[in-house]
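Here's a quick briefing to keep beside the viewer. Have a look at the picture first, then work through the notes below.

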There are 2 protein chains.
Amino acid sequence: MAELSAESGIPVATIKYYLREGLLPAGERTSPNQARYGEEHVRRLKLIRALVEVGGLSVATVREVVAAVDSDRAAYNVLGVAQRALTGFKAEVSADDREWAMGLLTSLAKEHGWKFGPDTPVADLLVGTLCTIRALGHQALLDQLGRYAEIADRIAEADLDTLEAGVSMDRIVEAAVVGTVLGDRLFEGLRRLAQAAETARRYTEG
Amino acid sequence: MAELSAESGIPVATIKYYLREGLLPAGERTSPNQARYGEEHVRRLKLIRALVEVGGLSVATVREVVAAVDSDRAAYNVLGVAQRALTGFKAEVSADDREWAMGLLTSLAKEHGWKFGPDTPVADLLVGTLCTIRALGHQALLDQLGRYAEIADRIAEADLDTLEAGVSMDRIVEAAVVGTVLGDRLFEGLRRLAQAAETARRYTEG
DNA sequence: CAGAATGGATAGTGCTGCTCTCCACTATGG
DNA sequence: CCATAGTGGAGAGCAGCACTATCCATTCTG
């Protein structure tokens with residue numbers, strides 16, 4: 001275990017904590033108080049730290065995510081598995097607001113060939129966000145919704161291409177998780193850079 | 001104050017806390033222990049709750065954001081102001097890794113006409129994310145970087161259009177903040193829906 | 001002028017993500 | 001064989017965060 005700690009740079013106490021919390025599978029037993037840890041444990045630790053530090057996920061969420069990675073490794077809908085484990089949001093919106101947002105979303109979905117049940121986690125996320133934006137009075141953002149949806153279609157194509165290019169079946173759920181969590185972060189950063197460049201392009205002369 | 005609490009649905013104790021923490025400006029004094037709160041306070045409270053609940057920002061970050069909203073309300077580079085207040089990330093990467101990531105980014109920036117200093121917060125965010133992705137061995141994601149960058153350009157255009165369409169100068173920094181924080185959330189959700197649709201499109205027959 | 005409410009300060013709460021201490025036990029070097 | 005160091009496991013402890021509750025002198029209200 002000291003070796004695993006040295007390899008990963010994570011304190012022994014923290015590794016024990018992750019074991020207790022079920023984020024890290026137990027090592028292969030060699031005697032009642034001795035276990036062997038392999039490459040997969042190092043890899044899992046790296047994944048955990050990435051999700052916690054870069055992705056900003058809570059330990060509880062990481063537990064669900066690794067459970068998904070472990071159990072559904074041959075799932076056909078890998079992104080769906082990743083999404084279900086990742087998207088948690090309890091919106092507190094009135095029935096009226098909810099209806100308005102769902103109307104907006106269903107018409108958007110129709111245009112783009114999306115389909116979604118009204119009680120999926122991602123629907124909650126979007127309903128909550130849309131209602132908040134409206135409550136703050138930023139209509140302009142809502143007016144661009146269709147355009148954002150179009151761009152979302154493009155990025156989803158890229159995401160799926162990434163998954164298809166990306167290696168072996170036994171790690172595809174992990175790839176989906178990484179692509180979703182770190183992919184969000186990555187795109188966030190790129191969007192910022194592009195915004196800065198676009199601002200400069202429009203408003204600086206000379 | 002009871003009125004403000006009723007209006008916004010936020011407990012009096014919490015409003016006091018926000019006042020103490022400098023998220024909410026003090027009300028207009030009418031006597032040593034009485035103050036009057038106006039429409040702007042209700043609005044500010046809504047903004048705070050949106051940033052905390054939907055955007056997932058900490059109270060400390062929200063303090064910086066509202067400081068930016070208050071002080072730079074006529075800033076020419078509103079998105080820059082929003083970004084500086086929002087992007088906090090301390091990457092712990094080796095010098096080698098950092099150099100590799102910066103190289104990747106500068107070549108990307110050259111292609112897309114972006115410019116960025118190596119010590120901006122968003123550079124740290126991207127360097128950290130890129131290094132993490134590489135450490136996890138998800139090369140496929142890095143291979144698509146150029147494509148993601150291209151999409152980032154498109155969304156930045158939409159973001160700037162949103163800002164231009166969106167109302168009065170005295171609220172433009174707020175609009176930039178909302179567009180950045182809630183815009184990220186919103187696009188996250190749309191991306192998920194589009195991913196699900198794209199998955200279905202590719203892998204279901206009959 | 002009694003009772004409720006106000007702004008302000010201080011202390012307490014619940015949760016999270018570790019971190020520390022203790023324990024019985026075992027692998028290892030001399 | 002035995003001293004020592006390290007192991008897996010369990011419990012308690014701790015720091016930070018976002019509130020929440022209590023108290024207080026003052027002041028508005030009926």
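This is a predicted model: local features need pLDDT of at least 70, side-chain atom pairs count only at pLDDT 80 or more; totals for chains, interfaces and linings use all residues.

Residues are numbered from 1 along each chain as its sequence is written, while chains are lettered from A and ligands numbered from 1 in the order in which they are written.

**Chain A overall**

- Chain A has 10 helices and 2 strands, where helices (H or I, at least four residues) and strands (E, at least two) are DSSP runs numbered from the N terminus.
- Reading from the N terminus, the order of elements is α-α-β-β-α-α-α-α-α-α-α-α.
- The radius of gyration of chain A is 21 Å, whereas a compact globule of 206 residues would sit near 17 Å; the radius is taken over C-alpha atoms, and the globule rule is 2.2 Å times the number of residues to the power 0.38.
- Along its principal axes, the C-alpha trace of chain A spans about 65 × 50 × 35 Å.
- Buried residues make up 42% of the 206 in chain A; buried means 20 or more other C-beta atoms within 10 Å of a residue's own, exposed means 12 or fewer, and partly exposed is in between, with C-beta atoms placed from the backbone.

**Where the chains touch**

- The contact takes 70 residues from chain B and 71 from chain A, with two residues in contact if their C-beta atoms, placed from the backbone, lie within 7 Å.
- On the chain B side, α10(B) gives the largest share, 23 residues.
- By class, that side of chain B has 36 nonpolar, 18 polar and 16 charged residues; Ala, Val, Leu, Ile, Met, Phe, Trp, Tyr, Cys and Pro count as nonpolar, Asp, Glu, Lys and Arg as charged, and the others, Gly among them, as polar.

**Around DNA strand D**

- DNA strand D is surrounded by 21 residues, and the closest are Met1(A), Ala2(A), Ser31(B), Ser58(B) and Val59(B); near means a C-beta atom, placed from the backbone, within 6 Å of the strand.
- Two or more residues each come from α2 (12–20) and β2 (34–36) of chain A, and from α2 (12–20) and α4 (59–71) of chain B.
- The largest share, 3 residues, belongs to α2(B).
- This surface has 12 nonpolar, 8 polar and 1 charged residues.

**The annotated stretch**

- UniProt places "domain: HTH merR-type" (unreviewed entry) at residues 1–68 of chain A; such annotations may be inferred rather than shown by experiment.
- Residues 1–68 of chain A are 62% helix and 10% strand, with end C-alpha atoms 25 Å apart.

- Val65(A) is in helix α4 (residues 59–71) of chain A, and counts as buried because 26 other C-beta atoms lie within 10 Å.
- Gly113(A) is in the loop between α6 (95–112) and α7 (121–135) of chain A, and counts as exposed because it has 12 C-beta neighbours inside 10 Å.
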